[in-house]
Amino acid sequence: MRNDNEDVAMKESRRRERQAALENPETDIGLCGWVLVGASLLLMLLTLPLSIWMCIKIVKEYERAIIFRLGRILRGGAKGPGLFFILPCTDSFINVDMRTISFDIPPQEVLTKDSVTVSVDGVVYYRVQNATLAVANITNADAATRLLAQTTLRNVLGTKNLAEILSDREEIAHSMQSTLDDATDDWGIKVERVEIKDVKLPLQLQRAMAAEAEASREARAKVIAAEGEMNASRALKEASLVIAESPSALQLRYLQTLNTIAAEKNSTIIFPLPLEMMHGFIKH
């Protein structure tokens, strides 16, 4: 646990150092740059009040603006939300959406560890955590995250067998989230959640698994039936021992059987014969 906390702290420290280096560059724009900035400011003052509408920009609550002055990121990093001021000709800006973005991972044909081909898809939720890194360190953070999610899904599932993929989806999703979050940290991206949507098996494999499940259920049914027969045999044996101890018990059981048959309302005719008469014949 201590090593994990130290790794997280080191990553956060490196990320802050990179952000500080981008937001506060050591090199200045130079004399020529300041001349161009002064000319731009003079042009704005000469064209007032029309130029004010070109210089004042508005950023929404869920957006941040990265301002470039002569190609360099302006000191202070991302601006917004609200109003901010830019100079004409020398300044440009890029809006970055800070809301959580979700996208579907296209179905990926994956060969599992036990050589089974499955088709797996999922969904990823991420957001831009640092607008400066998302603009300065990568061309298209959204496209890069989508491609990385596809390759990560293949790599993670390639180390699992079919049973683990079907039963341990939550663990696989957590592993993917951790891998994606570490890989996109330099891009200012925070992967919040990863979910496995569906696992599609080949038709032949589905039939084989269904046959295996059916055979397993039939085997369990036969075992249960055999256990029932064994228990019934034991009960009959114990009942015969009880009846053998008392001859009158057999007569009571005989009368109870007759009562049960008569209650069924069938057309069978029964002639009761007391067992005592049979004993008399046996003696002679």
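**View 1. Strands β2 and β5 side by side.** Strand β2 (residues 63–69) pairs with β5 in the antiparallel sense, over seven bridges. This is a predicted model. Strands of a sheet pair through backbone hydrogen bonds, either parallel or antiparallel.

**View 2. The open sheet β3-β2-β5.** Three strands form an open sheet in the order β3-β2-β5, and the pairing is antiparallel. The edges are β3 (72–73) and β5 (91–97). Each edge strand has a single partner strand, so one side of each is left without a neighbour in the sheet. Strand β2 sits between β3 and β5 in the order.

**View 3. Two cysteines, no bond.** The structure holds zero disulfides. A disulfide is a covalent bond between the sulfur atoms of two cysteines. The cut-off for a disulfide is 2.5 Å between the sulfur atoms. Seen from the other end, the closest cysteine sulfur to Cys89 is the one in Cys55, again at 9.1 Å.

View 4. Is Cys55 buried or exposed? Cys55 is buried, with a relative accessible area of 1%. Cys89 counts as exposed, at 72% relative accessibility. The cut-offs behind these words are under 20% for buried and over 50% for exposed.

**View 5. Asp198 and its contacts.** Asp198 lies in strand β8, which covers residues 189–200. Its relative accessible area is 31%, so Asp198 is partly exposed. Which residues does Asp198 touch, leaving out those up to four places away in sequence? They are Ser119, Val120, Asp121 and Arg169. Ser119 is 79 residues from Asp198 along the chain, yet their C-alpha atoms are separated by 8.1 Å.

**View 6. The whole chain, for orientation.** The chain has ten helices and eight strands. Of its 284 residues, 26% count as buried. The accessible surface comes to about 19300 Å². Carbon and sulfur atoms hold 58% of that surface. Among contacts in the chain with a separation of 6 or more, 69% come from residues 24 or more positions apart.

Technical notes: Residues are numbered from 1 along each chain as its sequence is written. This is a predicted model: local features need pLDDT of at least 70, side-chain atom pairs count only at pLDDT 80 or more; totals for chains, interfaces and linings use all residues. Side-chain values use heavy atoms; hydrogens and water are left out. Helices (H or I, at least four residues) and strands (E, at least two) are DSSP runs, numbered from the N terminus. Buried means under 20% relative accessible area, exposed over 50%, partly exposed in between (1.4 Å probe, protein chains only). Contact means heavy atoms within 4.5 Å. Accessible areas come from the Shrake-Rupley method with a 1.4 Å probe; for residues, only the protein chains shown count as cover. Two strands pair if DSSP finds at least two bridges between them.
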